[in-house]
Amino acid sequence: FFVKFFLFLFCFMSFVIFCQFFSRFCHFVSRFCNVLSFCCDLVFLSCQQGSFFRLYYPCQETEKAEKPDWVPCREYFNGLADFMKINRTLSERIFNHLFGSFKIPAYLDAPFKSNGKCPVVIFSHGLGAFRTLYSAICAEMASQGFIVASVEHRDQSASATYYFNDSLVKEWMYYRALQHGESEFPLRNKQVKQRADECILALDKLTEINSGRAVQNALQTKFDWTTLENSMDLCRIAAMGHSFGGATVIEALCKEVKFKCGIALDAWMFPLDDETFPRVKQPIFFINSEKFQWAGNISRMKKLESAIIQRKMITIRGTVHQSFPDFTFLTGNWIGKLMKLKGEIDPHIAIDLSNKATLAFLQRHLGLEKDFNQWDALIDGQDENLIQGTNVTVLQSAI
């Protein structure tokens, strides 16, 4: 009885705190938007080797469109439980109670509308995440005129994902944990290469859509794909990602020159081959948290330093590794800090700095005619909440 009562009390308190922070989260994402962001989900090819991503794009407000669920279905709760190594039955009830009824601040399958061709961003999620968990970043990019494809990776690094088999039945794939005694690098290196290929495949699908070619979305959405014909500026494409997704950005830049620059949010550099670094020729912007990075990881970032190609690094004071996904907005202060989902800085200030610095860097290296250069100083860490470079001491001999 006491265990059940404590669990109920914990859920109730968390739910109340969550409601307060979610309303602030929705307000934060929407307050910048002169043009609202919209999204739809796409699955191309029924097989495991197909492409799966959530597409964010700019559009004017509509009363008829609905907002999509932040967590699409219960299988994703099961995947999160597996990733966190907790009981599925218990965690599903808690996750569903806390997060199951909430929507992201974007409209589903709404009509596309833009005043010109949109630059493109391909976004890669972190280890144990999935396509919907970075909506604060992706929706903001879309509200600023970008078309953003948030890829859901099928390399077993996502907590959960699925594909359609030959009978058009969903086949679920869950996070693959390391086996006892298994070396981690071979697995992660194989995964980062597949992840980069999936980012490139997503770009290929967007290229087909932009050309007006008929596409078959296995999810049967109501979105009219013909409205995206000739809507994208395919000379202005960037790769962006968090953690494992940051490493994916580096690998994707190495494999595909169509990516003109990369944004790596608190990148985890471990999965990358040393041979990859000298082959990357595009500008890169590392935006790091204060608490996650260590000397070995930073030294690998510094291997990408160049006297010719711009490689920038800033650190946001008071942030943790989970200051970039949406979870940082969805917990109260003490629960967030206990679970390391929240740092000392207000998460709205942190993501605002990250987004503005990102936009300034994208304008500089994609040649955009916007006003994002008003935030150029952030690229060099010129703000009281920023550190130019890193807070981590790295010996030159390590580099």
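A residue counts as buried under 20% relative accessible area, as exposed over 50%, and as partly exposed in between. This model is predicted. With that cut-off in hand, take Trp172. Its relative accessible area is 22%, so Trp172 is partly exposed. Tyr76 has 0% relative accessibility, so Tyr76 is buried.

Tyr76 sits in helix H2 (residues 74-84), while Trp172 sits in strand E7 (residues 170-174). The pair therefore ties together parts that are 96 residues apart in sequence.

Next come Tyr162 and Phe164. Their ring centres are 5.8 Å apart and their planes are at 85 degrees, so they too form an edge-to-face pair. Tyr162 is buried at 4% relative accessibility. Phe164 is buried as well, at 9%. The charged end of Lys170 sits over the ring of Tyr162, 4.4 Å from the ring centre. Ring pairs join Tyr162 and Phe164 with Phe52, Tyr76, Phe130, Trp172 and Tyr174 in a cluster.

Now turn to two helices. The axes of H5 (residues 184-211) and H6 (residues 244-255) come within 8 Å and cross at roughly 65 degrees. The crossing is right-handed. H5 brings residues including Arg188, Val192, Arg195 and Ile200 to the contact, and H6 brings residues including Phe244, Ala247 and Glu251. The contact residues divide into seven nonpolar, three polar and six charged. Here, too, a charge meets a ring: the charged end of Arg195 sits over the ring of Phe244, 4.2 Å from its centre.

Definitions and conventions:
Residues numbered from 1 in each chain as written. Predicted model: local features only at pLDDT ≥ 70, side-chain atom pairs only at ≥ 80, totals over all residues. Heavy atoms only, no water. Axes fitted to C-alpha atoms, helices over the stretch in contact; angles between N-to-C directions. Helix = DSSP H or I, 4+ residues; strand = E, 2+ residues; numbered from the N terminus. Left-handed = near helix turned anticlockwise from the far one by under 90°. Contact = heavy atoms within 4.5 Å. Nonpolar A, V, L, I, M, F, W, Y, C, P; charged D, E, K, R; others polar. Buried < 20%, exposed > 50% of the residue type's maximum accessible area, 1.4 Å probe, protein only. Phe/Tyr/Trp six-rings, centres within 6.5 Å; stacked < 30°, edge-to-face > 60°. Lys NZ or Arg CZ within 6 Å of the ring centre and 35° of its normal.
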